[in-house]
Amino acid sequence: MSELRFVHLGFGADAVEYQEAWQEQRRVHAARFADEIPDTCLLLEHPAVYTAGRRTEDSERPLDGTPVVDVDRGGKITWHGPGQLVGYPILKLPRPVDVIAHVRRLEEALIRACAELGVETTRVEGRSGVWVLGDPLDQRPAIPGLDLDFDPRLADEEFDPRLNGPEYAPSNAGQRREDRKLAAIGIRIAKGVSMHGFALNCNPDNTWFDRIVPCGIRDAGVTSLSSELGREVTVHEVAPLLEKHLRAVLESAEPLPRAV
């Protein structure tokens with residue numbers, strides 16, 4: 001692929017409102033389609049906001065009616081906010097675009113960046129993004145009063161973890177030693193150019209995820225680099241590492257059209 005350009009839109013006190021960043025994505029997308037600019041990755045933080053992809057179900061949205069921004073990416077509902085490094089790689093890809101291969105490249109860059117920081121991550125079959133694997137079922141601490149053989153999250157389609165106490169909260173998955181998502185990915189391809197991208201949890205308040213069903217997944221949770229490493233890991237520490245690994249993965253890739 002061509003040389004990748006990085007643009008820092010705003011972090012911390014200069015975090016970028018979601019709608020403003022979405023509009024900037026559209027502008028950069030149009031310029032990239034017209035070959036007016038090279039492949040570009042926007043890096044930023046957002047103020048706290050819930051966004052819902054096209055496959056989000058009503059039952060996964062906040063129970064208290066908190067506003068949600070409906071967007072044109074794939075995937076389901078998630079949260080963005082302070083302490084989370086968000087990246088929007090806007091890349092021209094050969095058509096018809098192999099979307100899965102593009103997602104795998106983003107995952108690879110995230111996995112490498114996390115490894116450099118000392119966090120071992122992986123992919124989970126059927127679930128996009130980057131994950132920290134939990135302990136085997138028989139080695140996890142028991143939830144009080146619950147036999148894992150009868151875990152309602154696995155057996156009851158109507159079970160809602162938000163109504164059943166903090167022991168089920170996505171933000172507490174690390175304490176339960178369950179699988180937990182460290183980075184989420186949701187993209188859109190339009191005219192052969194990618195939009196949206198990834199969100200890597202550095203040091204956010206993960207309890208924001210407890211008000212939704214993150215990515216529609218009820219039997220796993222979320223985590224952050226800070227939680228996994230036991231120290232404060234800031235967006236500013238992670239950004240240059242992620243740039244390095246995104247550049248290495250994306251610039252060395254030779255994307256192929258999807259087989260038809």
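Helices (H or I, at least four residues) and strands (E, at least two) are taken here as DSSP runs, numbered from the N terminus. The structure is a predicted model, in which local features need pLDDT of at least 70 and side-chain atom pairs count only at pLDDT 80 or more, while totals for chains, interfaces and linings use all residues. Residues are numbered from 1 along each chain as its sequence is written, and side-chain values use heavy atoms, with hydrogens and water left out.

We can start with the backbone. Arg95 and Pro96 are joined by a cis peptide bond, with omega at about -5°. Pro96 belongs to the loop between strand E6 (84–90) and helix H2 (99–117). Arg177 has a positive phi near 60°, and its place is in the loop between helix H4 (173–176) and strand E9 (180–190). For accessibility, buried means under 20% relative accessible area, exposed over 50%, and partly exposed in between (1.4 Å probe, protein chains only). Arg177 counts as partly exposed because its relative accessibility is 33%. Lys191 also has a positive phi, near 55°, and is found in the loop between E9 and strand E10 (193–201). With a relative accessible area of 53%, Lys191 is exposed.

Turning to the interior, a nonpolar core is a set of buried Ala, Val, Leu, Ile, Met, Phe, Trp, Tyr and Cys residues joined through side-chain atoms within 4.5 Å. The largest such core has 37 residues, of which Leu85, Leu110, Leu200, Leu225, Val238, Leu242 and Leu246 touch the most other members. At least two residues of this core come from each of strand E2 (40–44), H2, strand E8 (127–132), E9, E10 and helix H6 (235–252). Another core, of 18 residues, lies apart from it and includes Tyr18, Val49, Val69 and Val86. In soluble globular proteins, nonpolar side chains tend to be buried together.

Two residues show what such surroundings look like in detail, with contact meaning heavy atoms within 4.5 Å. Leaving aside residues up to four places away in sequence, Leu225 touches Cys114, Leu117, Val119, Leu182, Leu200, Asn201, Cys202, Val233 and Val238. Thr121 sits in the loop between H2 and strand E7 (122–124) and is buried, at 11% relative accessible area.

The aromatic rings come next. Rings of Phe, Tyr and Trp (its six-membered ring) pair if their centres lie within 6.5 Å; planes under 30 degrees apart count as stacked, over 60 as edge-to-face and the rest as tilted. By this rule there are four aromatic pairs. In one of them, the ring centres of Tyr18 and Trp22 are 6.1 Å apart and the planes stand at 55°, so this pair is tilted. Tyr18 and Trp22 are about one helical turn apart, because they are four residues from each other in helix H1 (residues 18–33). Tyr18 is buried at 4% relative accessible area, and Trp22 is buried at 8%. In the pair of Trp79 and Phe209, the centres are 5.5 Å apart and the planes are at 75°, so the arrangement is edge-to-face. Trp79 lies in strand E5 (residues 77–80) and Phe209 in the loop between E10 and strand E11 (221–222), so the pair ties together parts that are 130 residues apart in sequence. Trp79 is buried at 0% relative accessibility, as is Phe209 at 3% relative accessible area. Tyr50, Trp79, Trp208 and Phe209 form one aromatic cluster.

Charges also meet rings here. A charge sits over a ring if NZ of Lys or CZ of Arg is within 6 Å of the ring centre and within 35 degrees of the ring normal. Arg26 lies over the face of Trp22, 4.3 Å from the ring centre. The charged end of Lys191 sits over the ring of Phe33, at 5.2 Å from its centre.
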